[in-house]
Amino acid sequence: MGKIAFDAAAADAVIRAATAAENELRAQSGARRSAVEEAAVDFSGAYADRFTESASAESTDRGKLASVLNDLAGQVRDAKISAEAEEERLDAVDAWRAAERDRQHAAATSLLVTTTLPPVSIRTPKPSEVAIRPPSIHAAFVPRERRRSGGAAGHGRSSADPARLRDFSTVSRANDAAAAAKASTLASAWKAFTASCSWVTIDGCTFVTGFELFLEENRADAAWIDRIADAFEQAGGVGSLTNAAIGRVTDDELVRDVQRLFATGLTPTEVAAMWTDLGLTKEDAPDLALLPTSVLTVLGNLEGAPYWARSAANVAVLDRRIASAKQFLDDLDRPDRVYSAAARKDAADLSALESIKASLNRNGRRGPRTLTVLSADHPPLAAVSIGDLDEATNVTWAVPGMGSSTGSMTDWTDAAQNVSSEQAKAVPVGRGSTNAVVAWMGYEAPPVPPASAAVFGSDFAKAGGKKLAASIMGLDATRAVIMPRVNVLGHSYGTTTASYALTTEGVHVDSFTAIASAGIPDSIHGADEIQADAVYAGQADVVKPIIEHWSGDEWAAVGRDFSSDHHQDPTAPEFGATSFGADGAPGLQPVRDHGVHTWYGGGYLDENTQSLQNVAYATTGQPELLTK
C-alpha cells in the first residue's frame, strides 16, 4: 500500500504478536493455578490471605489482558481490511480519472482530424469519492496494585512451608519470563505499527505499559514470597512466625534503600558515601540478612560497602545456596518438585559451598572470620577475611596460585590464618596494631598441568588482576577516613596475577611480597614499576621436579622458564626487590615444597618456617628483621 499511511506488514506483525502473547497468557492458567494451590497447602494467617488475594488479582488481570490483546488483534485486522478497501477505492478513482482523461483526449483528437462527430462512448460510473473513515483502535489495560502487607499492625501469626513458597516463585518467574518475551515482541511490533500506520486513529492504547506493569506486579509477588520463605528458613523451616517478624523481612523500604547503591556507574567512593547516608550499623546485620537473595548477592560483592554488611549478605546467600542444593538432592526422587537452574548448579557446587562455610567456622580462639566475596559463579569465587577488615590497621591480601579454587577454601584460609597469627607475633596487638588477612580466592586460577597449559600464559592472571585491583580500590573507598597499611602477598601464579593488579592505574599499596613466583610479567621491567612502596620476594631452593620431591621448590622455576610472557624471577638481583630466605634458619624450618600449607609442615606459609616469619615481617613493615 502507498496511497495512505498504512503498512500491512506492520499490521500483520502486531496481529501475530498480540495473538502469541494472548495464547501464552491463557496457556499459563493451569501451571499458575497449580503453583498457587501447592503454596497454599501449609500457608495460613494474614500473609496467606494476602497471597490468596494477590493470586486472585493476578489471575483476573491475566484474563483481562488476554482479552484486550485478543480485541487488539481483531481491531488491527479490521483496520487492515478497511485500509485495503480504501486503497482499492483510491486505485479505482485514479483508474477512472485516467480513463476519463483518455476518453476526453480521444474525443478532441477525433474532432481535429475529421469533420464528423466521434462515436458516442459509454462512460464508466465514477467510483465513490467519499473516503472510508479510518478506524479507531482502542486497547486499554491497567493492572491492579496488589496489597502485600500482613495488616493489623503485625498482630497474629502466619505459617508456611518455605519450600512450597519457593516452588511458587520458581513457576511464577518461569511463566513471567515467557510472557515477558512475548510482551517485548509485541511492544516492538506496536512501535513499528504506530510509526507506519498513522492513517488509523490510536485512542487509549495503554496495553504495552499495562503489560509491563502486570509483569512487575508478578515479579514483586515472587520476590515478596521469597522474602517470606527467607524468614521461615531463618527461623528453622516449617512452622509459624509472628506477622510482625514477617513484616520486617518483607519491608520494601529497606530493599529500595539498599538497591539505590546498585545504580549503574557509581564508583566505590560514591557507594561508600551513600551507605553512610543510610545510617545502617552492625546492629542492623540481622535485618540485612533477611533481604531477598537477588539483593544480597549484589550487596555482598559491592565495593564501597562496609565489609560487615557484605559478610552478612554473603553468609545469608551461602546458607541459602547450601540449603537449596541439599533440598534439590533430597528431592531428586520427587518429580512433582520444580527447581531452578541455579538450584541444580548449586547442587553440583555443594562441596565448594560447604568448604567456604567450613572456612568461616574455623574461628576457635583466633577471632571472627567474615565472607567478603561470594560470587554467583559456578563454582563460586570467594574471599574470607581473618580479622576485622573494617577496623584493622594492617590489611594483607593473600592471592593463591594455580589449581586454587573454593573447593579447597579451607586450605587457603588455614594458610592465611598462619600469616595472621605470625603477624600478631611480629607486631603484637597490644602495641596498637590489628591485622586482617584476606584469603582472596577472588579469581579463576589456571588448572594444574597437564590438564591445561594455561599457567604458562597470562590470560588468567590478567583477568584476575582486574578483579584484585577492583578489590584493593574498594578497600581504599571503604576505609578512606582512616586508611590501613595495605599489603599484597602472592604465591606462585598469584604473584603473576598480583603484578597485573599492581600495575593498574589508580592502585597503590604499601608492600608487595612474592613467594615461589611462577614469574613476574615480562612487561614489568623491575620492582620500581610495581605500584608498591616496597617489594619483597622469597624463593626456596630450586630442585628437580619429581626426582627431588619434598627437598625444595620443584615447580616455581618451571612456571617461569616455560612461560610465554612471565619469565622474571623477583628474587633475581637485577629485578630490584628485597629478597629473603626460605631455606631455614636457627629455630625455623626450611621450605621443602612448592605449596603453602602441607601435611608435613614444609610449605611457604606453614608454621615455624623461616618463610612464614619473613612474610610476617614484610607485611608488617619491618624489613630490617628479614633473614636471608
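**Entry 1: E129 and R97**

I looked up the side chains of E129 and R97, and they meet in a salt bridge of 3.1 Å, N to O. The model is predicted. E129 sits in the loop between α3 (46-113) and β1 (136-137), and R97 sits in helix α3, so the pair ties together parts 32 residues apart in sequence. Next I checked accessibility. E129 has 44% relative accessibility, so I noted E129 as partly exposed. R97 has 37%, so R97 also counts as partly exposed.

**Entry 2: R146 and D221**

I then turned to R146 and D221. Their side chains form a salt bridge of 2.7 Å, N to O. This pair links distant parts of the chain. R146 is in the loop between β1 and β2 (157-160), D221 is in helix α5 (residues 207-234), and 75 residues separate them. Are they buried or exposed? The cut-off for buried is under 20%. R146 is at 8%, so R146 is buried. D221 is at 5%, so D221 is buried.

I found a salt bridge between the side chains of D161 and R164, at 3.4 Å, N to O. D161 and R164 are both buried. I also traced one network, in which salt bridges with shared partners join R166, R173, D226, D230, E233 and R320. My count for the structure is 31 salt bridges.

**Entry 3: helix α2**

Last, I asked which residues of helix α2 (residues 29-39) are buried. They are R32, A35 and A39. Looking down the axis of α2, I see these buried residues within an arc of 65 degrees, so they line one face of the helix. An α-helix has 3.6 residues a turn, so residues three or four places apart point the same way.

Notes
Residues are numbered from 1 along each chain as its sequence is written. This is a predicted model: local features need pLDDT of at least 70, side-chain atom pairs count only at pLDDT 80 or more; totals for chains, interfaces and linings use all residues. Side-chain values use heavy atoms; hydrogens and water are left out. Buried means under 20% relative accessible area, exposed over 50%, partly exposed in between (1.4 Å probe, protein chains only). Helices (H or I, at least four residues) and strands (E, at least two) are DSSP runs, numbered from the N terminus. The arc is that of the directions from the helix axis to the C-beta atoms. A salt bridge is a side-chain nitrogen of Lys or Arg within 4 Å of a carboxyl oxygen of Asp or Glu.
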